[in-house]
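Please keep the structure in view while reading.

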Amino acid sequence: MFERTIAIFLGSVLLGIGINGFIVPFHLLDGGMIGISLLVKYVWGYKVGLTIIILSIPIYLIAWKLERRYFINSIHGLLVSSLIIDLLSPLRGVFSVSVMEGSVIGGLFIGTGIGWMLRHETSTGGTDLIALFLSRWFSINVGMVIFLIDAAVIIAGLYVMGEGILFYSLVTILSVGFATMTMTLIRSINFYRSI
């Protein structure tokens, strides 16, 4: 339990740094619930973390009713990461990097934070929970569902924000995916070495 608590805190700090320090200053997007919340911030100015919580309420109500294990394993990650994302908002504009550097570095921070939490069997929930439910109900690969959700967020961002963010947001998503995959792969390697 202590390790999971530390993982949630450290993962959330990495998310907060990546989002506020590198993604928001360039109006870039990520996929999933973070990407949706970033879109809401760019269009209406609402706080990213608070938006994540509000938009996640229906998903968590479904999780509570259908699969409490998913609810329990991710509610803490959702609440702590959302709070820390908003607490670290003063980091916006602190780092002097190009948009390409911001998209890569921000994506690596976010992906490492997510991967760190996944390694300790917790997450920020959100659209990942939707993907888990849809994959179970319709026998679709969960990775494909997450990809489709991320693609929908980017397409919405393209419509709302214009073409300028598309390439760099794709770089961000690839960086997030790479870092998340690397962190979860490290866990798998360590698991197999212990057998």
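## A buried threonine

Leaving aside residues up to four places away in sequence, Thr172 touches Ile23, Leu28, Leu29, Ser103 and Gly107. The model in which these contacts are found is a predicted one. Thr172 belongs to helix α8, which covers residues 166–194. Its relative accessibility is 0%, and Thr172 therefore counts as buried, a class that requires a value under 20%.

## Helices α1 and α2

Helix α1 spans residues 2–23 and helix α2 spans residues 32–44. The two pack at an angle of about 40 degrees, and their axes are 13 Å apart. Because of this angle, α1 is oblique to α2. The crossing in which α1 passes α2 is right-handed.

Which residues of α1 meet α2? They are Leu15, Ile19 and Ile23, and their partners in α2 are Ile34, Leu38 and Tyr42. Sorted by class, the contact of α1 with α2 has 6 nonpolar residues, with no polar and no charged ones.

## The loop between α1 and α2

The loop between α1 and α2 contains His27. Phi of His27 is near 55 degrees, which is a positive value in a residue other than glycine. Is His27 buried, partly exposed or exposed? Its relative accessibility is 37%, so His27 counts as partly exposed.

## Helices α2 and α3

Helix α3 consists of residues 48–66. The axes of α2 and α3 come within 9 Å and cross at roughly 125 degrees. At this angle α2 and α3 are therefore oblique to each other. As for handedness, α2 passes α3 in a right-handed crossing.

On the side of α2, the contact is made by Met33, Ile34, Ile36, Ser37, Leu38, Val40 and Lys41. On the side of α3, it is made by Val48, Thr51, Ile52, Leu55, Ser56 and Ile59. By class, the contact of α2 with α3 has 9 nonpolar, 3 polar and 1 charged residues. Ile34 and Leu38 of α2 take part in this contact, and both also meet residues of α1.

## Aromatic pairs

A pair of aromatic rings is described by two quantities, the distance of the centres and the angle of the planes. In this model the count comes to 5 aromatic pairs. One of them is formed by Phe22 and Phe95, whose rings are 4.6 Å apart centre to centre with 10 degrees between the planes. This pair is stacked. It links distant parts of the chain, since Phe22 is in helix α1 and Phe95 is in the loop between α4 (68–87) and α5 (99–119), 73 residues apart. Phe22 has a relative accessible area of 5% and is therefore buried, whereas Phe95, at 35% relative accessibility, counts as partly exposed.

Another pair is made by Trp64 and Phe71. Their ring centres are 4.9 Å apart and their planes stand at 70 degrees, so this pair is edge-to-face. Trp64 is partly exposed, with a relative accessible area of 39%. Phe71 is buried, because its relative accessible area is 18% and the limit for buried residues is under 20%.

Note on methods. Residues are numbered from 1 along each chain as its sequence is written. This is a predicted model: local features need pLDDT of at least 70, side-chain atom pairs count only at pLDDT 80 or more; totals for chains, interfaces and linings use all residues. Side-chain values use heavy atoms; hydrogens and water are left out. Axes are lines fitted to C-alpha atoms, for helices over the stretch in contact, and angles run from 0 to 180 degrees between N-to-C directions. Helices (H or I, at least four residues) and strands (E, at least two) are DSSP runs, numbered from the N terminus. Angles under 35 degrees count as roughly parallel, over 145 as roughly antiparallel, 65 to 115 as roughly perpendicular and the rest as oblique. A crossing is left-handed if the near helix is turned anticlockwise from the far one by less than a right angle, and right-handed if clockwise. Contact means heavy atoms within 4.5 Å. Ala, Val, Leu, Ile, Met, Phe, Trp, Tyr, Cys and Pro count as nonpolar, Asp, Glu, Lys and Arg as charged, and the others, Gly among them, as polar. Buried means under 20% relative accessible area, exposed over 50%, partly exposed in between (1.4 Å probe, protein chains only). Rings of Phe, Tyr and Trp (its six-membered ring) pair if their centres lie within 6.5 Å; planes under 30 degrees apart count as stacked, over 60 as edge-to-face and the rest as tilted.
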